[in-house]
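Me: I'm new to this one and would like to learn how to read it. Can we start with the strands and then move on to the ligand?

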Amino acid sequence: MHLLVCPFNFPLLSPPFSPNLKVVQGIDLNQIRGLGFDATCSLVVLDKQFRPLPVNHEEDSHRNVIMWLDHRAVSQVNRINETKHSVLQYVGGVMSVEMQAPKLLWLKENLRETCWDKAGHFFDLPDFLSWKATGVTARSLCSLVCKWTYSAERGWDDSFWKMIGLEDFVADNYSKIGNQVLPPGASLGNGLTPEAARDLGLLPGIAVAASLIDAHAGGLGVIGADVKGHGLVCEGQPVTSRLAVICGTSSCHMGISKDPIFVPGVWGPYFSAMVPGFWLNEGGQSITGKLIDHMVEGHAAFPELQVKATARCQSVYAYLNSHLDLIKKAQPVGFLTVDLHVWPDFHGNRSPLADLTLKGMVTGLKLSQDLDDLAILYLATVQAIALGTRFIIEAMEAAGHSISTLFLCGGLSKNPLFVQMHADITGMPVVLSQEVESVLVGAAILGACASGDFASVQEAMAKMSKVGKVVFPRLQDKRYYDKKYQVFLKLVEHQKEYLAIMNDN
Ligand SMILES: Nc1ncnc2c1ncn2[C@@H]1O[C@H](COP(=O)(O)OP(=O)(O)O)[C@@H](O)[C@H]1O
Ligand SMILES: O=C(CO)[C@H](O)[C@H](O)COP(=O)(O)O
């Protein structure tokens, strides 16, 4: 049996459906039984005839997607948060500017005639993809619960939409944002339409699953693996002791529980939004991989790094890691940042502070800007991201989670330094999957459920997620990282003090 996975981790224009067909090269198409989608939670806007509508003042309908990390709707989200509506309890107490309600309100307030009045369908990107494949407009419970304030138990809350000025959705029974909701992995309609099959180079009628947001697919892809024989504390413990960390452009920290846990500043609790029957809390850092790229590529020594890495046929990150090994001498590599500290919120803080006004900070810069400086700044950035993970875990544990093991996936999990720093700084073992692209495993799990090959998502998770490597923390370095963490917390405290000084009249 082969399962096709189609990840779309980027916003795309509505038509045409432009897949990467390499994934099925050399495979007998008759063996492809199910198709699952995951994508970032970007907002796709279509008119009543399903044609793209512009989400910009230039009226360019080729740009009909508001990307997840777009922070245009700051005023709208502030007003939504001021309502203190009870649905906000289920998004960590504070709605993020990256969710869909503020973006929708922005469209209504800013592009009334060119977009809002003409709009027929607002989709989360994963739901757009499953609609495009099947013609079925049903939404996934995952996207609606996590980004649109839908409750798995109570459905839409009319009073919320009325209170924030989007009563339009209530009046038409939510037809534009979804009034048919299916659990991730449920089979959609008659499967792949002939038109989509032609576009994708697949056979019509294969099962297509209700989709997942990318981070949630990553969570499914890793969290249920059988860990026997790896010497892990989580062996024999409930799955709720595992935290899936999906780290790519951003990082998402997915923890599950049997009962709802309210963690201030951490999204959720969301019922059945990832693993059916479990509540999900989702911590996050809005930029992580993007921040590392930004720090490295913006440094004066980057051109020299590129030349040297290319000469060795290495990625810049592999080169930097080996360079750090050279300059560390006898000490552990992490100790190179004793006087260089980074606060990583260059795009605001998602969790646990839920403060989009926070900015990045670096302290300890010198006049020199050579390759050693670049490598050490890169290390301090990686450490800052790992310290941010520790900050999120502490908030989750203070609220009732009990986490013992991290399961990492996403582009950053290919970086051994990033993985080791997460182990050392959190003090927890890090499990990497056999399949590096675990987000795709999550999408394949959906396809396998839709095709009926597995009776439940849990069964598919247990069979399809596999442990690869385990990285243990260097506990002898704990004292050093505890001190780094103390400085980390001071940085944000100081940033708030600066703001207070500047705002004092
Ligand atoms: N081989 C690698 N070594 C180190 N870092 C990597 C590697 N590949 C990707 N990355 C990092 O991962 C990030 C992208 O992760 P990815 O999961 O592909 O992104 P997305 O979240 O957008 O799907 C990049 O920003 C980069 O910092
Ligand atoms: O909010 C999300 C998950 O809930 C986004 O989809 C996610 O953070 C985007 O991630 P990336 O660009 O790293 O794939």
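This is a predicted model: local features need pLDDT of at least 70, side-chain atom pairs count only at pLDDT 80 or more; totals for chains, interfaces and linings use all residues.

Me: Which strand is joined to β11 by five bridges, and in what sense do the two run?

Reply: That's β10, residues 242–247, and the two strands run antiparallel. To get from β10 to β11, follow the hairpin, which has three residues linking them.

Me: What about β13, how many bridges does β11 make with that strand?

Reply: For pairing in general, at least two bridges are needed. Here β11 and β13 (residues 279–285) have seven, again in the antiparallel sense. One example to click on is Ser 257, whose bridge partner in β13 is Trp 279.

Me: Is β11 mostly covered or mostly open?

Reply: For burial, you count neighbours: 20 or more other C-beta atoms within 10 Å makes a residue buried. In β11, which spans residues 251–257, seven of seven residues are buried.

Me: Which residues sit on each side of β11?

Reply: Ser 251, His 253, Gly 255 and Ser 257 are on one side, with Cys 252, Met 254 and Ile 256 on the other. Both faces are covered.

Me: Now the ligand. How many residues surround ligand 1, and which are the closest?

Reply: There are 14, and the closest are Gly 248, Gly 289, Tyr 317, Gly 411 and Asn 415.

Me: Which helix gives the most to that shell?

Reply: Helix α9, residues 289–297, with four residues.

Me: And how does the shell divide by residue type?

Reply: Around ligand 1 you'll find eight polar, three nonpolar and three charged residues.

How values were computed:
Residues are numbered from 1 along each chain as its sequence is written. Chains are lettered from A and ligands numbered from 1 in the order in which they are written. A residue is near a molecule or strand if its C-beta atom, placed from the backbone, lies within 6 Å of it. Ala, Val, Leu, Ile, Met, Phe, Trp, Tyr, Cys and Pro count as nonpolar, Asp, Glu, Lys and Arg as charged, and the others, Gly among them, as polar. A residue is buried if 20 or more other C-beta atoms lie within 10 Å of its own, exposed if 12 or fewer, and partly exposed in between; C-beta atoms are placed from the backbone.
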